Amino acid sequence: MRDFRIWNQKRPQKSACKRFVLSNRLSGRWRNDAGNAHQPHGIIEAGVTLLSCAICEIRKEKRFCPAIHGRICPQCCGEQREVTLDCPLDCTYLKQAREHEKPQPLGDLEQSALFPGVEISEQFLYEQEHLIVGLSFALAKSVRANRNLRDSDLLGALGSIAKSYETLVNSGLHYEAPVTNPGQQAVVAGLHTMVKEFREAELKHTGHSRLRDADVLQALVFLLRMGYTRTSRRPKARGFADFVVAQFPEKEPAIAASGAGGTIIVP
Ligand SMILES: [Zn+2]
């Protein structure tokens, strides 16, 4: 402190303290960089050894990452979340990120992916609520059966089957858009099964099936557009997948299956 008092005769105390802290921090960082090769997980700062991030091995760790079972820095968490990291759904930081993530604007997507020629009216959503709930249930069922499914699989499957229906509606031709990913194939099969069952149920209860291919196309495109607003679009994102599963709690499958109590959330 004596040294400080001498120094302070020439400089304001506040400035001197700041400089002192800054110089210590800088020297601490310098020491760490110089010794990185021998001590990859440690930062020596102001005489205290702190663990460094298990991913970048440079910045200080601040949080536990359940994906790698190690401690990482907030920056790596933010950058690698659902990109290289398979974040468990119950991760606090994943949940927080989703709460703060703004819905993705559809404008920056390749517009053809959204089937711009397909118009969906409020009236359609009202009249075909059961179909939309049924297709959402098919998606949820696929996700429950295969927890490795990501938003990209659901969106890929919806896009592929919507393309088939668009061709059918516009030209009457049966065309199956190729799907090579086995996960997506299962989702496509689940959606086809749901449409088939929906038609059979209509036939059984009313004596005829009123469902048009154009209705199926609109319902698929509605879910596709909703999906794009619910995903972060990171490679391993599962925001949309989690969302559809959350619509159908496992203890009440009867409600979802019948469509009687299902709710549609308009994006
Ligand atoms: Zn890091």
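A residue counts as buried if 20 or more other C-beta atoms lie within 10 Å of its own, as exposed if 12 or fewer do, and as partly exposed in between, with C-beta atoms placed from the backbone. The model on display is predicted; local features need pLDDT of at least 70, side-chain atom pairs count only at pLDDT 80 or more, and totals for chains, interfaces and linings use all residues. Residues are numbered from 1 along each chain as its sequence is written.

**The whole chain**

Helices (H or I, at least four residues) and strands (E, at least two) are DSSP runs, numbered from the N terminus. Of the 267 residues in the chain, 30% are buried. Two residues are in contact if their C-beta atoms, placed from the backbone, lie within 7 Å. Among contacts with a separation of 6 or more, 58% join residues 24 or more positions apart.

**Two loop residues**

Select His 69, in the loop between S3 and strand S4 (70-72). His 69 is not a glycine, yet its phi is positive, about 55°. Because 8 other C-beta atoms lie within 10 Å, His 69 is exposed.

Next select Glu 57, in the loop between strand S2 (48-51) and strand S3 (63-65). Glu 57 also has a positive phi, about 60°, although it is not a glycine. Its 16 C-beta neighbours inside 10 Å place Glu 57 in the partly exposed class.

**Helix H8**

Move to H8, residues 182-206. The expected span of a helix is 1.5 Å times one less than its number of residues. For the 25 residues of H8 that gives 36 Å, and the end C-alpha atoms are 36 Å apart, in agreement. Show the buried residues of H8: Gln 184, Val 187, Val 188, Gly 190, Leu 191, Val 195 and Phe 198. These buried residues pack against H6, H7 and H9. After H8 comes Gly 207, with a positive phi near 90°.

**H7 against H8**

Axes are lines fitted to C-alpha atoms, for helices over the stretch in contact, and angles run from 0 to 180 degrees between N-to-C directions. H7 and H8 are therefore oblique to each other; angles under 35 degrees count as roughly parallel, over 145 as roughly antiparallel, 65 to 115 as roughly perpendicular and the rest as oblique. Which residues of H7 and H8 meet? Asp 153, Leu 154, Gly 156, Ala 157, Ser 160 and Ile 161 of H7 meet Gly 183, Gln 184, Val 187, Val 188 and Leu 191 of H8. This contact of H7 with H8 comprises six nonpolar, four polar and one charged residues. Ala, Val, Leu, Ile, Met, Phe, Trp, Tyr, Cys and Pro count as nonpolar, Asp, Glu, Lys and Arg as charged, and the others, Gly among them, as polar.

**H6 against H9**

Finally, display H6 (residues 129-145) and H9 (residues 213-230), whose axes come within 10 Å and cross at roughly 55°. H6 and H9 are therefore oblique to each other. At the contact, Leu 131, Ile 132, Leu 135 and Ser 136 of H6 meet Asp 215, Ala 219, Leu 220, Phe 222 and Leu 223 of H9. By class, the residues of this contact between H6 and H9 are seven nonpolar, one polar and one charged. Is H9 largely enclosed or exposed? With 13 of its 18 residues buried, H9 is largely enclosed by the rest of the structure.
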